[in-house]
Amino acid sequence: MSMGAVLCVGQLVADVVVRPVDRLPVKGTADVVREFDLVAGGCAANTACVLAKLGADTRAAGVVGRDVLGEVVVSEVARAGVDVSAVIRHASIPTSAVVVVVDREGERSFLYRSGGAEALDCEMALGALQPDVACVHIGGAMKLHSLDLSRFLQAARAPGRLLSLDTDWDPTGSWARRLSPALAWLDVVMTNREEGRAITGLDDPIAIARAFVARGPRIALVKCGADGAVVAAGQTAALFPTYNVAVSDTTCAGDAFAAGFLYAVERDWPIERAVEVANGAGALATTAVSHRAVTSLDAVLAPVDAARRPQPHGSE
């Protein structure tokens, strides 16, 4: 069945990924690292790339600079199969960039420089919105300081169109002021435990998901890393475990999770199946830098369907 397009709006960031780094070198000295990669990153870019590799008609909307980092981001996102014609190349604003420091367990820390992502405004984003777009996903919403989330979502709302948002960490601490007015316009909201705790003041992921649903979205997802993910819809909420993989880099896991869920929901798959696909995409993404391990829908579904098959019992 032919599906409408998915428009991923928001962060297009140049990621410098360095691993393994368990501690910073002593001042004035140097440590040797095994990997040093420059890749396209940011929540919107990552989610768009994974959606395209799963087979969705995917477009990206955001702002990058007219600089070398912007060239890297746009070209890599395009190579993944994403339509980048709505990406704005700004002459006087640098591309947002982040140094991702990954330790031996695959956990990461970030050093972030603002830029194009913070310059994206409603007029820019709405200029990318075409009638055939069936799903609009805002990636890295809390770092999009110039985008009026509520205004954009109201303007983007249309019959049959799914509106989704993934929070990201807000270094300014202005969670409630920016996000609360937008929740009423959303169909799907995604966050993780740390961000959800900062927004709601709650610790339990199920309680966090239910608190979001009570404020407007019909579906709320809380990403819980190695523990899986919680989904709340209506009066129901449940934790779905993830899949065991050899973790290398967790940088893109949450964005791949978002892509897997949106891909499945847009095809009217049951929510339970959509969360399984999301967990499968997120788990697979951790096995290589960025989203490189996610190559196709079949690759994502392999661990999902294997876990669903009955396991043989050993002989007595």
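The model on your screen is predicted.

**Stop 1: the whole chain**

Show everything as a cartoon. The chain has 11 helices and 14 strands. Its radius of gyration is 19 Å, close to the 20 Å that the globule rule gives for 316 residues, so the chain is as compact as a globular protein of that length. Along the principal axes, the C-alpha atoms fill a box of roughly 70 × 55 × 40 Å.

**Stop 2**

Select residues 97–102, strand β7, and residues 108–113, strand β8. The two strands run antiparallel, joined by 6 bridges. Now pick Val100 and look across to β8: its bridge partner there is Phe110.

**Stop 3**

Two packed helices are described by the angle between their axes and the distance between the axes. Select helix α1, residues 43–54, and helix α9, residues 253–266. Their axes come within 8 Å and cross at roughly 45 degrees. α1 and α9 are therefore oblique to each other. Their crossing is right-handed.

Now show the side chains at the contact. From α1, select Cys43, Asn46, Thr47, Val50, Leu51 and Leu54. They meet Asp255, Ala256, Ala258, Ala259, Gly260, Leu262 and Tyr263 in α9. Color this contact by class: there are 9 nonpolar, 3 polar and 1 charged residues.

Notes: Residues are numbered from 1 along each chain as its sequence is written. This is a predicted model: local features need pLDDT of at least 70, side-chain atom pairs count only at pLDDT 80 or more; totals for chains, interfaces and linings use all residues. Side-chain values use heavy atoms; hydrogens and water are left out. Two strands pair if DSSP finds at least two bridges between them. Helices (H or I, at least four residues) and strands (E, at least two) are DSSP runs, numbered from the N terminus. Axes are lines fitted to C-alpha atoms, for helices over the stretch in contact, and angles run from 0 to 180 degrees between N-to-C directions. Angles under 35 degrees count as roughly parallel, over 145 as roughly antiparallel, 65 to 115 as roughly perpendicular and the rest as oblique. A crossing is left-handed if the near helix is turned anticlockwise from the far one by less than a right angle, and right-handed if clockwise. Contact means heavy atoms within 4.5 Å. Ala, Val, Leu, Ile, Met, Phe, Trp, Tyr, Cys and Pro count as nonpolar, Asp, Glu, Lys and Arg as charged, and the others, Gly among them, as polar. The radius of gyration is taken over C-alpha atoms; the globule rule is 2.2 Å times the number of residues to the power 0.38.
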